[in-house]
Amino acid sequence: MTFKLYYHPLSSYCQKAVIALYENGAPFEREMVNLGDPESRAAFLKIWPIGKFPVLRDEARGKTVPESTTIIEYLDQRYPGKARLIPENAEAAGETRFWDRFFDLHVHHHMQKIVGDRLRPSDSKDPYGVEQAKAALATAYGILDRDLGGREWANGSGFSMADCSAAPPLTFANMLVPFTAHANLHSYFDRLRARPSVARAWKEAEPYLALMPK
């Protein structure tokens, strides 16, 4: 198999795909995309005109697979590795997909709203939108703290796509709106950070943290 991942190490969604690839054990080539560089941007748009990463290119099948969740589903169906990231059991698979969407829609989305506002010019800030995002994160934290009690991993079964989805946005969200008061969530986060695949993906992102707006 020949995989090429178009990505940036600091992107939460890209980290999600990288964690899954590490868990899967599939060898892959990295192609770092710099959307601020005209040449890099133009080359990437030829692969995926939408212009959002990550995108996985499966050269053996001539297949381009965009979006982190779709990439993980594709790997699990076409190239099942040493670890199944979507359980074969239908109930556990449904639980996995639910939490995958939860972390994308209710953690990542609001975290990104706060980060995006910090990148705006001073005369284009949206303080009301930021406060809404912080309130939404607080609600998400409460749900996670309640439902993660007694669970090692998000789906209540084993490490899965849901945990790949959780680790990157929770890392950034905790920097912006700390969740240290939520004991169950914080314990889960500690387990995530200790996972070798997660730790490896984060180590690769660390050199780019200076790009994170203060």
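Start by selecting W99: at 3% relative accessibility, this tryptophan counts as buried. As you look around, keep in mind that this is a predicted model.

Is F98 buried, partly exposed or exposed? F98 is partly exposed, because its relative accessible area of 45% falls between the 20% and 50% limits. Turn the view until you can see both rings. The centres of the F98 and W99 rings are 4.8 Å apart and their planes meet at 75°, so this pair is edge-to-face.

Next, select F102 and F103. Their ring centres lie 6.0 Å apart with the planes at 90°, so F102 and F103 also form an edge-to-face pair. F102 has a relative accessibility of 6% and counts as buried, and F103 is buried too, with a relative accessible area of 0%.

Which residues do ring pairs link into a cluster here? Select F98, W99, F102, F103, W153, F159 and Y188 together, and you have the cluster on screen. Across the model, the count of aromatic pairs comes to 16.

**Charges over rings**

R195 lies over the face of F159, at 4.1 Å from the ring centre. For another example, go to Y22 and R200: the charged end of R200 sits over the Y22 ring, 3.8 Å from its centre.

**D100 and its helix**

Select D100 now, which has its place in helix α4. Is D100 buried or exposed? D100 counts as buried, because its relative accessibility is 1%, where buried means under 20%. To see what surrounds it, show K16, T69, M161, A162 and S165: these are the contacts of D100 once neighbours within four places in sequence are left aside.

Colour helix α1, residues 12-24, and helix α4, residues 90-119. The two helices pack at an angle of about 145°, and their axes are 11 Å apart. On the α1 side, the contact is made by S12, Y13 and K16; on the α4 side, by D100, D104, H108 and M111. The residues of this contact divide into two nonpolar, two polar and three charged.

**Over to F189**

From D100, look for F189. F189 is 89 residues away from D100 along the chain, and the C-alpha atoms of the two are separated by 15 Å. F189 lies in helix α7, which covers residues 183-194. F189 is buried, with a relative accessible area of 8%. Which residues does F189 touch, leaving aside neighbours within four places in sequence? Show A167, L170, T171, N174 and F179 to see them.

**Two stops in the backbone**

Switch to a view of the backbone and find F53 and P54. The peptide bond from F53 to P54 is cis, with omega near 10°. P54 is found in the loop between helix α2 (38-47) and strand β3 (55-58).

Last, select E67, in the loop between strand β4 (63-66) and helix α3 (68-78). What is the phi of E67? Phi of E67 is near 75°, a positive value in a residue other than glycine. E67 is partly exposed, with a relative accessible area of 44%.

Key:
Residues numbered from 1 in each chain as written. Predicted model: local features only at pLDDT ≥ 70, side-chain atom pairs only at ≥ 80, totals over all residues. Heavy atoms only, no water. Axes fitted to C-alpha atoms, helices over the stretch in contact; angles between N-to-C directions. Helix = DSSP H or I, 4+ residues; strand = E, 2+ residues; numbered from the N terminus. Contact = heavy atoms within 4.5 Å. Nonpolar A, V, L, I, M, F, W, Y, C, P; charged D, E, K, R; others polar. Buried < 20%, exposed > 50% of the residue type's maximum accessible area, 1.4 Å probe, protein only. Phe/Tyr/Trp six-rings, centres within 6.5 Å; stacked < 30°, edge-to-face > 60°. Lys NZ or Arg CZ within 6 Å of the ring centre and 35° of its normal.
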